[in-house]
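Please read this briefing alongside the sequence and the coordinates. It takes up confidence, then the domains, then the contact between the chains.

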Amino acid sequence: MEENIFENWVNEYTETLYLWAFYKTSHKEVAEDLVQETFLNAFEGIGKFSGKSSPKTWLFSILSNKINDFYRKTSSKVFPISKDFSEQEATEVTESFFDANGNWSSAPKMIFSKEEANLLDDPKFLEIFDFCLEDLPENWKHAVRGKYIFEKKSSEICHDLNINATNYWQILHRAKLFLRKCIENNWV
Amino acid sequence: MKNQNGLLISCKRATELIELREVDSIGFLQKIKLKFHLMMCSVCKTYEEQSILITEAFKKKSQSSSLNAMDPYELKNLKAKIKSRF
């Protein structure tokens, strides 16, 4: 009986819960894990569900706690260690684009530009873009996705990543340099 | 271009200002410096164009990406995963 109710809940609320978790974490795998844990907790703690609130509200309150835990637990190292570039390595890469005087040592080449009107509709370009985005260190990814895709406020992103405003735009700057170079390298 | 008389900024600084202005409003003097630099430096001009293009690529992603809906296949998988755990 309970399992049937649960199955209905999973069918009905998985998507909304996931989208919220994805919005809050900007990270697909993390969002999926949090939603799974939410249902698992709900299943184990069904006795605590009084029916006074809607199941949706109840599930969301569990998920919100999970999201808070996720950020609290990992405030210094927010994301799972990935095989991608570490922040330090990626910073070294972007620093190497300039010499000590701030002149380009690896000057951008005009091999892709917005003059090519359909570039953003070109699946090959978008594929390279996604590939390069995945290559960024996790917290850089979080910053650029938060800003450009989710259109989050700077203060919200700074809070998520536990950084100040200067760190934040430095990350955006380095992430752009890194992405641009990656696209250039892969765009033949 | 070395920072000698205050009006000239380095290429690195120019790229910083290009990104900074997307986050925050930059001051009048900074705007002038950047404009002046971009008039003379075709490499940074290229950077600027490509940077804007990358911003546009993000915007395009945000329109098409899974903000309002999940990919049906992924949703099905996630539901199955959850159900298999109880």
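**Confidence and chain contact**

Chain B has an average pLDDT of 87, with 90% of its residues scoring at least 70, where pLDDT is the predictor's confidence in each residue, from 0 to 100. This is a predicted model, in which local features need pLDDT of at least 70 and side-chain atom pairs count only at pLDDT 80 or more, while totals for chains, interfaces and linings use all residues. Residues are numbered from 1 along each chain as its sequence is written, and chains are lettered from A and ligands numbered from 1 in the order in which they are written.

**Confidence**

- The model scores ipTM 0.78 and pTM 0.73.
- Within chain B, confidence is highest in helix H2 (residues 28–40), at 95, and lowest in helix H3 (residues 42–64), at a mean of 90; helices (H or I, at least four residues) are DSSP runs, numbered from the N terminus.
- Chain A averages a pLDDT of 86, and 91% of its residues score at least 70.
- In residues 75–82 of chain A the pLDDT is below 50, and this stretch has 8 contacts in the model beyond near neighbours in sequence; two residues are in contact if their C-beta atoms, placed from the backbone, lie within 7 Å.
- Where pLDDT is low, the predicted coordinates should not be read in detail.

**Domains of chain A**

- The domain assignment divides chain A into domain 1 (2–73) and domain 2 (87–186), with bounds that come from an automatic or database domain assignment.
- The C-alpha centres of domain 1 of chain A and domain 2 of chain A are 32 Å apart.

**The contact between chains A and B**

- Chain A contributes 38 residues to the contact and chain B contributes 37 residues.
- On the side of chain A that touches chain B, at least two residues each come from helix H1 (2–25), helix H2 (28–44), helix H6 (138–149) and helix H8 (165–186) of chain A, and H1(A) gives the most, with 8 residues.
- That side of chain A has 23 nonpolar, 9 polar and 6 charged residues (Ala, Val, Leu, Ile, Met, Phe, Trp, Tyr, Cys and Pro count as nonpolar, Asp, Glu, Lys and Arg as charged, and the others, Gly among them, as polar).

**Helix pairs across the contact**

- H8(A) packs with helix H1 (residues 11–23) of chain B at an angle of about 120°, their axes 9 Å apart; axes are lines fitted to C-alpha atoms, for helices over the stretch in contact, and angles run from 0 to 180 degrees between N-to-C directions.
- In this pair, Trp169(A), Leu172(A), His173(A), Lys176(A) and Leu177(A) of H8(A) meet Thr15(B), Glu16(B), Glu19(B), Leu20(B) and Val23(B) of H1(B), and the residues of the contact divide into 5 nonpolar, 2 polar and 3 charged.
- H2(A) and helix H4 (residues 72–83) of chain B pack at an angle of about 40°, with their axes 10 Å apart.
- Glu32(A), Val35(A), Gln36(A) and Phe39(A) of H2(A) make this contact with Leu78(B), Lys81(B) and Ile82(B) of H4(B).
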